[in-house]
Amino acid sequence: MNNLLLESEHNQFVESARRFVDAEIIPNATEWDIAESYPRELFDKFAELGWLGIGVPEAYGGCGGSSILYALLCAELARGSAAIALGFYVHTALANSALVHLGSEAQCKRWLPAAVDGSKVGCWAYAEPNAGADVSSVTTKATPDGDGYVLNGTKIYITNSPFADYMIVVAATRPEQGMKGLSVFVVDADTPGITVSKPLQKLGMGASEMAEIVFTDCRVSKENLLGPEQGGFTRALKVLTLGRIASAALGVGLGRAALQEAKHYCSERVQFGVPLVKNQFVRFTLADMATRLEAAWQLTLHTAALADAGQAHDQQASMAKLFATETCTWACERALHLCGAQGYMKVSAVQRFYRDCKVLEIGEGTSEIQRETIARHLGV
Ligand SMILES: Cc1cc2nc3c(=O)[nH]c(=O)nc-3n(C[C@H](O)[C@H](O)[C@H](O)COP(=O)(O)OP(=O)(O)OC[C@H]3O[C@@H](n4cnc5c(N)ncnc54)[C@H](O)[C@@H]3O)c2cc1C
């Protein structure tokens, strides 16, 4: 879709991403959804295309690139498979961004080149059985010990963790200080004391694997601490806005796929002697879907443009994430409704979209947390 914010190089990039998604993702998306996994080699392909280096400085093997470019890519990937886009954005916008924004030069040199060339995949381990929306409830501890720390605690719902090579772990170094006492660590998944469960089964995002991680007397060194010991997580929350931009872009991409399927079905399907699209209700629903998705996309691009210009965009990132993901859920529900029983069948892409969309409102800060952020910026 043409846009004043986009330059011709962006449009060329979208075209090449679209070709890849059409050839390599869409034909396999249903099979991977049913198999509840996708080939790890997909990350090698992303690396060959240079996609894992977006946002990473060239000094560490990356290609720089902009938040706009990143949003375009996330939307395209989600058009093919939201589950694949989820695994991609956890690795890039969360795990790698944490390294880029919190890591020292030595840490970036150690961890990022392999993350960019696809030989190592990361995960972001924040959530716990008793810590979801409430960040201050994290109880995984990193107890200072000699020249390092000892990690103890349980993380849950961690995307990519069944095959991740390194983990970005949020843990309390000063539990008595609540959120301010939370620090961020980068930990090799092979470190003794780490147990990863079997993949957890879930409603949607079938192909994306997630699991529980248990840390039992897991010893890491001071070199594994990312950013300051106290306040590392608070700093991460401020700098890691790319995750919300990515979530918004995923919502737009998935919503567009739902619109496309509904448009196709309603153009082909004849009832009462005419194609369904001849009915005003159907035409208006499709028009509303396109309009709301376009509004979500403009908000997402605007937020990405603010990020690229180095301007404040915390409130816009929450608005984009909130609006795009809620719009996506609405669009996927409408698409399923328009596709009738055929859309409800396991073989249909629309039922997958319907199952995949909901988590976009839950992960990366629930809708309520985004509304809290927006209200805080309003001064209330
Ligand atoms: C598919 C999937 C992938 C995930 N991947 C990851 C990952 O890679 N890494 C990771 O760390 N986590 C991951 N998560 C977990 C995610 O971080 C949490 O789901 C999220 O933080 C919300 O926490 P919760 O689900 O425990 O909800 P809860 O905290 O139990 O909240 C339940 C509901 O109550 C609402 N609520 C809570 N408090 C308030 C309040 N004060 N006012 C109003 N409403 C409130 C919430 O908004 C939500 O709607 C994933 C989850 C899923 C489902």
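Between which domains does the ligand lie, and why? In this predicted model, residues of the shell around the ligand come from both domain 2 (123-230) and domain 3 (241-377), and the ligand therefore lies between the two.

The shell around the ligand comprises 20 residues, of which Tyr 126, Ala 127, Gly 132, Ala 133 and Thr 366 come nearest. By residue class, 14 members of this shell are nonpolar, four are polar and two are charged. At least two shell residues are supplied by each of three elements, namely strand β1, strand β3 (148-159) and helix α11 (367-377).

Strand β1, one of these contributors to the shell, spans residues 122-125 and is paired with strand β4 in the parallel sense through four bridges. Within this pairing, Ala 125 has Val 169 of β4 as its bridge partner. Strand β4 is also joined to strand β5 (residues 182-188), here in the antiparallel sense and over seven bridges.

Strand β4 itself, formed by residues 166-172, is mostly covered, with seven of its seven residues buried. Burial extends to both faces of the strand. One side carries Tyr 166, Ile 168, Val 170 and Ala 172, while the other carries Met 167, Val 169 and Ala 171.

Definitions and conventions:
Residues are numbered from 1 along each chain as its sequence is written. This is a predicted model: local features need pLDDT of at least 70, side-chain atom pairs count only at pLDDT 80 or more; totals for chains, interfaces and linings use all residues. A residue is buried if 20 or more other C-beta atoms lie within 10 Å of its own, exposed if 12 or fewer, and partly exposed in between; C-beta atoms are placed from the backbone. Two strands pair if DSSP finds at least two bridges between them. A residue is near a molecule or strand if its C-beta atom, placed from the backbone, lies within 6 Å of it. Ala, Val, Leu, Ile, Met, Phe, Trp, Tyr, Cys and Pro count as nonpolar, Asp, Glu, Lys and Arg as charged, and the others, Gly among them, as polar. Domain bounds come from an automatic or database domain assignment.
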